[in-house]
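Subject: Structure handover

Hello,

Here is the structure you asked for, with the sequence.

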Amino acid sequence: MKKIVHKSAVPLYAAAAVWILYALLFPLHKIMHFVLVAGASLVTYLIANVLCPPVEEEVPEEPVRTGNEELDKMIADGKKAIAEMKRLDDNIEDETISAQIRRLEQISGKIFSLVEEHPEKLPQVRKFMNYYLPTTLKLLNAYDRMSGQSVAGENISGTMERVESMMDTIVKAFEKQLDSLFGAEAMDISTDITVLENMMAREGLVEDDLHKTPADQSEGEESTGEVRLEL
């Protein structure tokens with residue numbers, strides 16, 4: 001849902017009406033007359049603006065259309081999940097659980113943004129979207145409902161404690177899911193670094209014992225010998 005602000009036109013009409021009435025009842029041939037009517041118009045506008053404030057209206061957001069149905073569904077489901085996490089964070093009074101929910105919200109948002117930018121990563125988040133995320137929200141919703149009960153029975157207390165004990169594991173699992181999306185990129189960068197190091201060593205741009213020629217090694221030994229003689 002998004003909010004649209006509708007400003008009332010009444011203040012403008014009221015301000016214009018002051019000019020019309022003043023022109024009909026009083027002369028407008030001196031500067032002072034214009035100053036007076038402008039002041040009266042401004043006061044009328046401010047009063048009408050207080051009496052008729054802007055109205056906010058919530059309207060459904062237009063669904064994102066990328067041409068990829070699976071990606072569109074992930075984006076839509078992701079927005080719903082983020083909205084649900086915000087609601088749960090507001091409802092649940094336990095600060096530890098709320099902080100963990102905010103962490104899940106942050107990580108999930110990064111996952112959705114990354115996959116939206118790189119749709120080729122969609123297969124990597126299917127299980128996350130189809131099981132881990134909805135199951136986590138189900139557990140948190142159960143916790144939310146039970147925490148609002150005035151009875152602290154064995155079933156309620158036991159279930160809430162199990163959810164609390166699982167939250168650290170869930171947060172780590174979400175973090176690992178985000179980290180796994182960078183696996184291919186990390187491998188590419190590692191390969192680029194290795195190739196770059198080898199090329200610079202072969203060109204003699206950096207010191208590297210592995211790529212030294214016999215002549216270089218003998219020079220090093222002679223230098224070492226000279227130092228020993230000096231000592």
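Helix 4 and helix 6 cross in a left-handed sense. This is a predicted model, and the remarks below should be read with that in mind. The axes of helix 4 (residues 95-117) and helix 6 come within 10 Å, at a crossing angle of roughly 20°. Angles under 35 degrees count as roughly parallel, so helix 4 is roughly parallel to helix 6. On the helix 4 side, the contact includes Ile-97, Arg-103, Leu-104, Ile-107, Lys-110 and Ile-111. On the helix 6 side, Glu-164, Met-167, Asp-168, Val-171, Glu-175 and Leu-178 are among the residues met. By class, this contact has nine nonpolar, three polar and five charged residues.

Helix 6 also packs against helix 5. Here the axes are 10 Å apart and the angle is about 150°. Angles over 145 degrees count as roughly antiparallel, and helix 5 and helix 6 are therefore roughly antiparallel to each other. Their crossing is left-handed. Helix 5 contributes residues including Leu-133, Leu-140, Tyr-143, Met-146 and Ser-147, while helix 6 contributes, among others, Ile-156, Thr-159, Met-160 and Val-163. The residues of this contact divide into 13 nonpolar, four polar and one charged.

Which elements give two or more residues to the lining of the second largest pocket? The lining consists of Phe-128, Tyr-131, Tyr-132, Thr-135, Thr-136, Leu-139, Met-166, Thr-169, Ile-170, Ala-173, Phe-174 and Gln-177. The elements in question are helix 5 (126-147) and helix 6 (154-180). Eight of the lining residues are nonpolar, four are polar and none is charged. The space in this pocket is about 210 Å³. Phe-128, Tyr-132, Thr-136 and Leu-139 belong to the lining and also to the helix 5 side of the contact with helix 6.

The last pair is helix 1 (residues 10-25) and helix 2 (residues 31-51), whose axes come within 8 Å and cross at roughly 150°. Helix 1 and helix 2 are therefore roughly antiparallel to each other. Helix 1 passes helix 2 in a right-handed crossing. From helix 1, the residues in contact include Pro-11, Leu-12, Val-18, Trp-19 and Tyr-22. Their partners in helix 2 include His-33, Phe-34, Val-37, Ser-41, Thr-44, Tyr-45 and Asn-49. Sorted by class, the contact has 14 nonpolar, four polar and no charged residues.

Regards

Note on methods: Residues numbered from 1 in each chain as written. Predicted model: local features only at pLDDT ≥ 70, side-chain atom pairs only at ≥ 80, totals over all residues. Heavy atoms only, no water. Axes fitted to C-alpha atoms, helices over the stretch in contact; angles between N-to-C directions. Helix = DSSP H or I, 4+ residues; strand = E, 2+ residues; numbered from the N terminus. Parallel < 35°, antiparallel > 145°, perpendicular 65-115°, else oblique. Left-handed = near helix turned anticlockwise from the far one by under 90°. Contact = heavy atoms within 4.5 Å. Nonpolar A, V, L, I, M, F, W, Y, C, P; charged D, E, K, R; others polar. 1 Å grid on protein atoms, 1.4 Å probe; cavity = no way out; pocket = protein on both sides within 12 Å on 5 of 7 lines; lining within 4 Å. Points joined across faces, edges and corners; volume = space filled by probe spheres on them.
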